[in-house]
Amino acid sequence: MEIFSALLLGLDQAVMPVNLLWCFVGVLLGTLVGVLPGLGPAATMAILLPFTMGLQPVTALIMLAGIYYGAQYGGSTTAILLNLPGETSSVVTAIDGYKMARKGRAGVALATAAIGSFFAGTVATLLLALFAPSLAEVGLKFGPAENFSLMVLGLLASVVLARGSLPKALAMVFVGILIGLVGQDVQTAEPRFTLGLDEMTGGINFVVVAMGLFGIGEVVKDLEHAESRSAISAPFLSMFPSREDWRRMVPSILRGTGIGTVLGLLPGGGALLAAFAAYAIEKRVAKPKEGFGNGAIEGVAAPESANNAGAQTSFVPLLTLGLPANAVMALMFGALIMQGIAPGPTLISDHPKVFWGVIVSMWVGNLMLLVLNLPLIGIWTKLLTLPFRYLYPAILIFCAIGTLSLNNSVFDLWLLAAFSIAGYIFVKLDCDAAPLVMGLLLGPMMEENFRRAMFLSRGKVSIFVDRPISAGLLIVAVLVLILVIMPRFRATREEAFQE
Amino acid sequence: MNSRLNSETIAGLLFVLIGAAFLIGSYGLSFGTWRKIGPGGFPAMVSVALIGMGLFVAIKSLRTNGGEPLSFQFGNIAVIVASIVVFGLTVRGAGLLPAVLACSLVSALASKPFRPLIMIAYGLFMGAACSLVFVKGLGMPVAIIGPWFGV
């Protein structure tokens, strides 16, 4: 019963007062940004990353993880109450959730979302604990060639799921890789692309890039659409689902959990994809009389379970193979590196406290959310009425102070300004910044593994297809690419993102 | 604006430009051999891939005439960037509190209506709160009121 002693070790970490406190801060902040439209979990994590550097690694990760799944809860709260999905992953929840609210069943919808999320989170946490160690063992057998191929697959998969056109997303990955290579070369210590500036020899800090592209980029985008939000919250009578509600939601929660768990595991997956897929499947299996799309409880239960399960299991590739599945995981990846922990297959054995602590804390955090979220709904909806003009200067100040605190260098602020401009241009050109951040973080590792593999093979590129695991990963990558180029899939993909 | 100059075309050309810049940058570095790849090898490969992808995007946009014409609103981004720059220029000399105040005042120019008095109060409050949390609490090595004020 190795798994139980491991989970106990995790529980030991998770219930330490300092970790409980920061877990609470994380989920609270996460819910807050989930409620506020415009500021997503990636942006929030980027802004807060510098401030977590003083914490213990396990505490920092617990808090950052809390932001991610807390945001899922918050996003669905406003989706249901106000038809304002705070997060993209709760867009589908708004369809039936808001209709339920209009019928006076907001309480039931919120309770369904919370129950579904909690159930899914519990299942996903258990599965994570069960399967992560064996996956890490597979990862331990990886050499440089396999690592390189794995990153190729990871980047391709994340591109497939990016918004907008595929060639542009691929180009953004390349831009990210190139920015990641700025600074001293690891092998020869030669400065690269530094424009002769001493400040650039250490490379460009990814936090600055992520803050500029996500954080400030979103502020500017929102300023253009600064609409006045009116919080007309729907009345809610009862919180408790009826017997009929239970009968209808349980199968949906199970289905949503299953879909979310699997899709979260895939490279490129995560909460967003999980929610969309779960909603699409519910739509298929729904009987006409259930009024799907018109306030059906299934339409809330399934995507809410799925997005939470997906959020949870998307940690698996990161913590076992060192492969971030999406932009949020890429930021976690960066946080691990900044804490001096190498994300990869050795993480579980080298840092068992970090690994199991983070896993168990996710369950604890979900429990906190379940208890906390419902009583705080009134506060969240009030917050929505806070005018954006009081919000964005604070975001800017946090970005500026955070950037300054990274290396105590004013030069980083100039970089922040530059990447804010870049972020705005990318928004205007309809280029999703997430693939860039993925490339930025994986770029240096890809280069290192590529060079090492080539050295081991004495200069033969065929090493990437000669080694079976590496070849397998590359075949999957090619399949993914073919699948996307095929017109049929492309149509579904566009449909999925339009909904 | 020219009907052909839509966002897709510009995006493609921008990618080509970035790729070319990095390609030129990697020419000053050693490419090495296939066995021992130098510091310039990998970036050069990625740059070429980026240029290729940029050309693909640009050419495709010309053929399909897709994408929307651009509308840049430089006002907001200029104000936001200015607020960061102002923070950077003042934080060492004036200290954190004045820098935060200046940053919030400048950034408020992007919102309508601009209410200077409210924003001064807001900036002072934020500055005091940040000084308390980051300098006093987290020990950030920055003066709250800097040398410009003779402190």
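Where in chain B does Met140(B) lie? Met140(B) is placed in the segment after helix H5 (116–137) of chain B, helices being DSSP runs of H or I with at least four residues and strands runs of E with at least two, numbered from the N terminus. The model is predicted, so that local features need pLDDT of at least 70 and side-chain atom pairs count only at pLDDT 80 or more, whereas totals for chains, interfaces and linings use all residues. Residues are numbered from 1 along each chain as its sequence is written, while chains are lettered from A and ligands numbered from 1 in the order in which they are written.

Met140(B) is buried because 20 other C-beta atoms lie within 10 Å; a residue is called buried at 20 or more such atoms within 10 Å of its own, exposed at 12 or fewer, and partly exposed in between, with C-beta atoms placed from the backbone. Leaving aside residues up to four places away in sequence, Met140(B) touches Ser405(A), Phe134(B) and Val135(B), where contact requires C-beta atoms, placed from the backbone, within 7 Å.

The contact between the chains takes 53 residues from chain B and 51 residues from chain A. On the side of chain B that touches chain A, H3(B) gives the most, with 11 residues.

Chain B as a whole comes to five helices and zero strands, and its C-alpha atoms fill a box of roughly 55 × 45 × 25 Å along the principal axes. Buried residues make up 40% of the 151 residues in chain B.

Conventions: Two residues are in contact if their C-beta atoms, placed from the backbone, lie within 7 Å.
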